[in-house]
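Here is a short report on one protein model. Please keep the sequence and the 3D view open while you read.

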Amino acid sequence: MLQQGLSFDTPFGPSPDFKLFETVGGRRCLTVRLHGWRDGVSRGLASRQVFSVLHRAGVRRIISEAGVGSLNPLLDPRDIVIPDDYVDLTTARGSEPVVGGRLLIMRDPVCGTIASSLTAAARELADGRVFDRGTCVVTEGPRFESRAEVRVIGAMGDVVGQSMCPEVWLARDIGACYGALYVVVNYGEGVVADWEHGLLSDIFSDHATIQAGIILKAIDAADETAACGCAELSKPTLLD
Ligand SMILES: [Zn+2]
């Protein structure tokens, strides 16, 4: 750990605390919690505070981690999904960019280089199955979905979560690559079986070390010289 308790003023309000650390391989990283850390700060504002800091820090690669529910009946708790696409069903997080002035093309929203590194690391370290593709349907939360809602959104993707938007496009907005590591913590309502709160809680606590190990290994293994193509998916806006 190099520094902790790093908070910064941003145009969207004071940021949450970041930690700065260096990996075994010598790569400098910032880490921050996005969920559940301050009362009175909306989810959309929280994301913009974080991405404003990442932008000014010159961050080039972003990896997010979260627990998700299953929509695809082939998935089970403890399976890992490295998503490659998303459907944004959030309703209260805003469309305002942090930087702006660019047309953000979301054809390949997840960086292939980061996804490959995460997949390889997960296949080495995970205790469940690892899927290197999948669509995440992003809901507003914080409540979970009803059975009828899951039936509808089950046609849209493989997992449901509350963490990929707006971060996936804010990353493109600030010119950074984005990848995500999700662990299935519960079945979606009406999918396979009723989920158990105890199991969800157990996975969140006992899987944290595994996920951290996967992410740290993926960071050090990522080829910084690989031409991922993410930068090509942001163009000057035609709307000015
Ligand atoms: Zn990339």
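Leaving aside neighbours within four places in sequence, which residues is Pro14 in contact with? The contacts are Ser7 and Asp9. This is a predicted model.

Pro14 sits in the loop between E1 and E2. Pro14 counts as exposed because 12 other C-beta atoms lie within 10 Å, and the cut-off for exposed is 12 or fewer. Val50 is 36 residues away from Pro14 in sequence, yet the C-alpha to C-alpha separation is 9.3 Å.

| Strand | Residues |
|---|---|
| E2 | residues 18–22 |

E1 and E2 are joined over two bridges, in the antiparallel sense. Across from Phe18 in E2 stands Leu6.

Now the core. The largest nonpolar core holds 55 residues. Val68, Leu118, Val159, Leu181 and Tyr182 have the most contacts inside it. Strand E11, residues 177–187, gives the most to this core: nine residues.

Leu181 deserves a look. Not counting residues up to four places away in sequence, Leu181 touches Ile63, Glu65, Ile80, Ile82, Leu118, Ala122, Gln211, Ile214 and Ile215.

How values were computed. Residues numbered from 1 in each chain as written. Predicted model: local features only at pLDDT ≥ 70, side-chain atom pairs only at ≥ 80, totals over all residues. Core = buried A, V, L, I, M, F, W, Y, C linked by C-beta atoms within 7 Å. Buried ≥ 20, exposed ≤ 12 C-beta atoms within 10 Å, placed from the backbone. Helix = DSSP H or I, 4+ residues; strand = E, 2+ residues; numbered from the N terminus. Contact = placed C-beta atoms within 7 Å. Pairing = 2+ DSSP bridges.
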